[in-house]
Amino acid sequence: MTALLLLALSAAPLEVRVLERDTPVRVHLEAARITCDGKPLASSVDAEAGAREVRVGELKCTQVVAEDGVAVTVKETKRKYGGQLRVSLQGGLLRLINVVDVEAYLPSVVFAEADASKPAALEAQAIVSRTFALTAHRRHANAGYHLCDLAHCQVYRGQGASSGDAEAAVKKTTNQVLLIGGIVLKPAFFHAACGGHTSTAGDVFGEDATGSAVSDVEDGAPRCKGPDLAWTFEVEKNRLAEALSVAPNGIAFEPLKRDSGGRILEVRSFGRRFSGQEFLSKVGRAFGWRSVRSLKFSTTETDTSVVIQGAGTGHGVGLCQLGARALAEKGVDVKGILTRYFPESQIKPAP
Ligand SMILES: [Zn+2]
Ligand SMILES: [Zn+2]
């Protein structure tokens, strides 16, 4: 009885906003059961954004729900989803929410985030992504759902967008998450490459999460080798100042505070103070997210330009994906990988 109850609790479905980037005004739906405000429709329908409702032919619906073998087509994109797809109207567009069990959600995430890794690295990704998903209820709470399907949360492309290895990793780790001290469920984050040292969520985002600031160096070099490890970005001072919305006077870049991982937490740029995250998001918006790829960098200035030399890709918090991949290739198991990046946590069933 207790076991059944626990199973029921941990199976509370996720609500994932999908295909928002495709700005859907018209979708084609196929499913075993499709309803308009509870009234059954055919198993293949077109739904479009009306003035105040979702239109299906002559019908006006507050919500269209497709379930059981859902396939949806938006423009050129066709996706399949487990669970339910709820279609409603928001701001003149169709809002698509996939209500899906976490175990059905994860294979696509693990495939997108850690494809072609050894099983132990895929299992580590599955446990971190499950922990993230089950604690992500605040991320889009104001908009009325839990997660988006983009890298902001976790990349998710529905059912079938997966591999046998990703599915096996999810199955093997079913219901397992990271618990601090074996008890407390807090968010867990991951990133592409830490550049030799990870950071805490507290330092980088001001958030409470599992994951310590740990060295990720082996034989004198960062474990996370590869194209994501080292990068250089050169920018004219005028353009940098423009991106930061300040006048180009004074020193372009003075780090004021770094964390133990070497990430910039606070900076003065042309006389104005920015948090590391503010600096990164303004620069990313102006020059693209592949320009300054992490907050672990140093700069040199000439009269007219700034050369930024950095290590790692991503925020550096939690699991280093390339580090995990390297560890798995050396034969380290999932527990060994996760203990390295989350030494305060243990792998346990979700509470
Ligand atoms: Zn998101
Ligand atoms: Zn690393």
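**Reading loops, strands and domains**

Reader: I see Leu19 in the loop between β1 and β2 (26–30). What phi does Leu19 have?

Author: A positive one, about 60°, although Leu19 is not a glycine. Before going on: this is a predicted model, in which local features need pLDDT of at least 70 and side-chain atom pairs count only at pLDDT 80 or more, while totals for chains, interfaces and linings use all residues. Residues are numbered from 1 along each chain as its sequence is written, and chains are lettered from A and ligands numbered from 1 in the order in which they are written.

Reader: Is Leu19 buried or exposed?

Author: You count other C-beta atoms, placed from the backbone, within 10 Å of the residue's own: 20 or more is buried, 12 or fewer exposed, and in between partly exposed. Leu19 is buried because 23 other C-beta atoms lie within 10 Å. Now try Asp219, in the loop between β17 (217–218) and β18 (221–222). Asp219 is not a glycine either, and has a positive phi of about 50°. With 5 other C-beta atoms within 10 Å, though, Asp219 is exposed.

Reader: And Gly336: which helix does Gly336 lie in?

Author: Helix α9 (residues 334–341). Gly336 comes out partly exposed, since 14 other C-beta atoms lie within 10 Å.

Reader: What pLDDT does the chain average?

Author: 93, and 97% of the residues score at least 70; pLDDT is the predictor's confidence in each residue, from 0 to 100. Residues 1–10 fall below 50, and beyond near neighbours in sequence that stretch has two contacts in the model. A contact means C-beta atoms, placed from the backbone, within 7 Å. Where pLDDT is low, the predicted coordinates should not be read in detail.

Reader: On to strands. Which residues are on the covered face of β11 (residues 84–90)?

Author: In a regular strand the side chains alternate between the two faces of the sheet. In β11 the covered face has Leu85, Val87 and Leu89, and the uncovered one Gln84, Arg86, Ser88 and Gln90.

Reader: How many bridges pair β11 with β12?

Author: Seven, in the antiparallel sense; two strands pair if DSSP finds at least two bridges between them. Gln90 has Leu93 of β12 as its bridge partner. The two strands make a hairpin with two residues between them, and Gly91 in the turn has a positive phi of about 55°. β11 also pairs with β8 (residues 64–67), antiparallel over four bridges, where Val64 stands opposite Val87.

Reader: In what order do the strands of the β20 sheet come?

Author: β20-β21-β22, three strands in an open antiparallel sheet. β20 (254–258) and β22 (272–275) are the edge strands, each pairing on one side only. From one strand to the next the twist averages 20°. Angles run from 0 to 180 degrees between N-to-C directions, with axes being lines fitted to C-alpha atoms, for helices over the stretch in contact. Helix α7 (residues 276–287) packs on this sheet, touching β21 and β22, with its direction at about 65° to that of β21. Four bridges join β21 (residues 264–269) to β22, and Arg268 has Arg273 as its bridge partner.

Reader: Which helix lies across β19 and β24?

Author: α6 (residues 237–244), running at about 95° to β19. Those strands belong to an open antiparallel sheet in the order β19-β24-β23.

Reader: Last one: what domains does the assignment give?

Author: The bounds come from an automatic or database domain assignment: domain 1 (16–100), domain 2 (103–188 + 317–349) and domain 3 (230–311). The C-alpha centres of domain 1 and domain 2 are 29 Å apart. Their contact takes 12 residues from domain 1 and 14 residues from domain 2. On the domain 1 side, β1 (14–18), β10 (77–81) and β12 (93–100) each supply at least two residues. That side divides into five nonpolar, two polar and five charged residues, where Ala, Val, Leu, Ile, Met, Phe, Trp, Tyr, Cys and Pro count as nonpolar, Asp, Glu, Lys and Arg as charged, and the others, Gly among them, as polar.
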